[in-house]
Amino acid sequence: MKYSGLYFISNPSTNLEASVNVVNTLVQGLESSFPTASRQAPWSLQYRLFRDTVPPGHTPSLDAEGKPAPFAHTLQHMLNISSIDPTRTYICIQPPAGTSNICAIPLRQQDAYALLVRHQFAALWQPRHAEGVNNGIAYGTGLCTVQIGELRSSREGPQSGITPSPGVLVCISTAVGDDSSDDTGDKMNGAVENGDDTLDFDYAQSIIRDCWGKIKDGRDLGRSEVREVMMAKDNVHGIKEKEATVRMWCDALRLRG
């Protein structure tokens with residue numbers, strides 16, 4: 001299976017030019033650290049986040065200090081990434097606790113579905129933010145595939161248009177185990193037994209972190225903060241592998257929630 005880690009590099013200024021400069025800096029670091037890296041097809045991303053509304057008549061519980069506890073929201077993510085499936089948009093419902101549920105719709109229905117949720121279900125869901133990546137950069141380094149792109153926020157509605165960039169995304173993927181293996185296996189200490197193979201997710205994470213370290217080594221990212229999100233350590237394939245990747249992207253892209 002393909003295992004991935006994602007890095008979100010914040011843009012303190014939210015200026016698009018600052019994010020583009022970070023992308024250029026990271027590409028220079030990648031090409032310097034991996035001189036034989038091969039350029040791959042560009043990638044794109046479309047993302048929307050909705051949050052459920054507080055039910056009418058909701059009475060908040062009190063914390064230890066007697067203050068009202070914040071409402072635990074459920075999130076609805078809408079995500080299309082060309083490198084996962086260019087023809088599908090994934091809908092991820094993420095409750096405050098427990099495992100999120102994922103389904104997929106055709107990409108051509110994405111905008112209609114978003115309008116339906118925004119307007120017809122406005123009493124249930126509030127739009128939070130929408131972002132996208134156009135013409136993202138991708139490289140193959142041998143052990144890893146690296147995707148880099150500046151994230152651009154967008155307004156939707158009468159005042160639609162591209163607004164400043166909240167940051168830069170770097171996704172690093174590597175193969176773990178045999179891609180032809182089935183979905184069986186028992187999880188233990190970060191490794192999964194699968195037939196004659198042991199899927200060592202800790203080792204996969206070390207490869208990803210080592211690749212990221214080489215890319216950013218000696219590079220000035222300014223006052224940016226870096227957030228790391230790794231895929232869950234689950235031995236999954238096919239549709240389940242795609243869903244695990246979608247969950248990782250949604251965790252990183254939720255930003256402010």
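**Exercise 1. Aromatic pairs**

How many aromatic pairs does a search of the whole structure find? Work out the geometry of two of them, and keep in mind that this is a predicted model.

*Solution.* 

Step 1. The search of the whole structure turns up three aromatic pairs.

Step 2. Start with Tyr7 and Trp212. Their ring centres sit 4.7 Å apart with the planes at 15°, so this pair is stacked. The cut-off behind that call is planes under 30 degrees apart.

Step 3. Now place the two rings on the chain. Tyr7 belongs to strand β1 (residues 2–10) and Trp212 to helix α3, so the pair ties together parts 205 residues apart in sequence.

Step 4. Check the burial. Tyr7 has a relative accessible area of 2%, so Tyr7 is buried. Trp212 comes out at 5%, so Trp212 is buried too.

Step 5. Move on to Trp43 and Trp249. Here the centres are 5.8 Å apart and the planes make 55°, and the pair is tilted. Again, distant parts of the chain are linked: Trp43 is in strand β3 and Trp249 in helix α4, 206 residues apart.

**Exercise 2. The nonpolar core**

Find out how many residues the largest nonpolar core has, and which of them have the most contacts inside it. Then look at what Val170 touches.

*Solution.* 

Step 1. Recall the background: in soluble globular proteins, nonpolar side chains tend to be buried together.

Step 2. In this model, the largest nonpolar core has 58 residues. Those with the most contacts inside this core are Leu26, Leu45, Leu79, Ile148, Val170, Ile172 and Trp249.

Step 3. Zoom in on Val170. Leaving aside residues up to four places away in sequence, Val170 touches Gly5, Leu6, Tyr7, Ile9, Leu26, Val146, Gln147, Ile148 and Trp212. Tyr7 and Trp212, both in that list, are also the partners of the stacked pair from Exercise 1.

Step 4. A second, separate core has seven residues, including Met78, Ile91, Ile105 and Val117.

**Exercise 3. Salt bridges**

Say how many salt bridges the structure holds. For three of them, locate the partners and decide whether each residue is buried, partly exposed or exposed.

*Solution.* 

Step 1. The structure holds eight salt bridges. The general idea is simple: side chains of opposite charge can pair when their charged atoms come close.

Step 2. Take Arg48 and Asp111, whose side chains meet at 3.0 Å, N to O. This pair joins distant parts of the chain, with Arg48 in strand β3 (residues 43–52) and Asp111 in helix α2 (residues 110–120), 63 residues apart. Arg48 is buried because its relative accessible area is 13%, whereas Asp111, at 43%, is partly exposed.

Step 3. Next come Asp202 and Lys233, at 2.5 Å, N to O. Asp202 lies in helix α3 (residues 201–216), while Lys233 lies in the loop between β14 (226–230) and α4 (239–253), 31 residues apart. Asp202 is partly exposed at 35% relative accessibility, and so is Lys233 at 31%.

Step 4. Asp210 and Lys214 meet in a salt bridge at 3.4 Å, N to O. Both lie in helix α3, four residues apart, which is about one turn of the helix. Asp210 is partly exposed at 41%, and Lys214 is partly exposed at 39%.

**Exercise 4. Strand β5 and its partners**

Decide which strands pair with β5, in what sense, and over how many bridges.

*Solution.* 

Step 1. Begin with cover: strand β5 (residues 88–94) is mostly covered, with five of its seven residues buried.

Step 2. Strand β4 (residues 75–81) pairs with β5 in the antiparallel sense, over five bridges.

Step 3. Inspect the turn. β5 and β6 form a hairpin with six residues between them, and Gly98 in the turn has a positive phi of about 100°.

Terms used:
Residues numbered from 1 in each chain as written. Predicted model: local features only at pLDDT ≥ 70, side-chain atom pairs only at ≥ 80, totals over all residues. Heavy atoms only, no water. Core = buried A, V, L, I, M, F, W, Y, C linked by side-chain atoms within 4.5 Å. Buried < 20%, exposed > 50% of the residue type's maximum accessible area, 1.4 Å probe, protein only. Contact = heavy atoms within 4.5 Å. Salt bridge = Lys/Arg side-chain N within 4 Å of Asp/Glu carboxyl O. Helix = DSSP H or I, 4+ residues; strand = E, 2+ residues; numbered from the N terminus. Phe/Tyr/Trp six-rings, centres within 6.5 Å; stacked < 30°, edge-to-face > 60°. Pairing = 2+ DSSP bridges.
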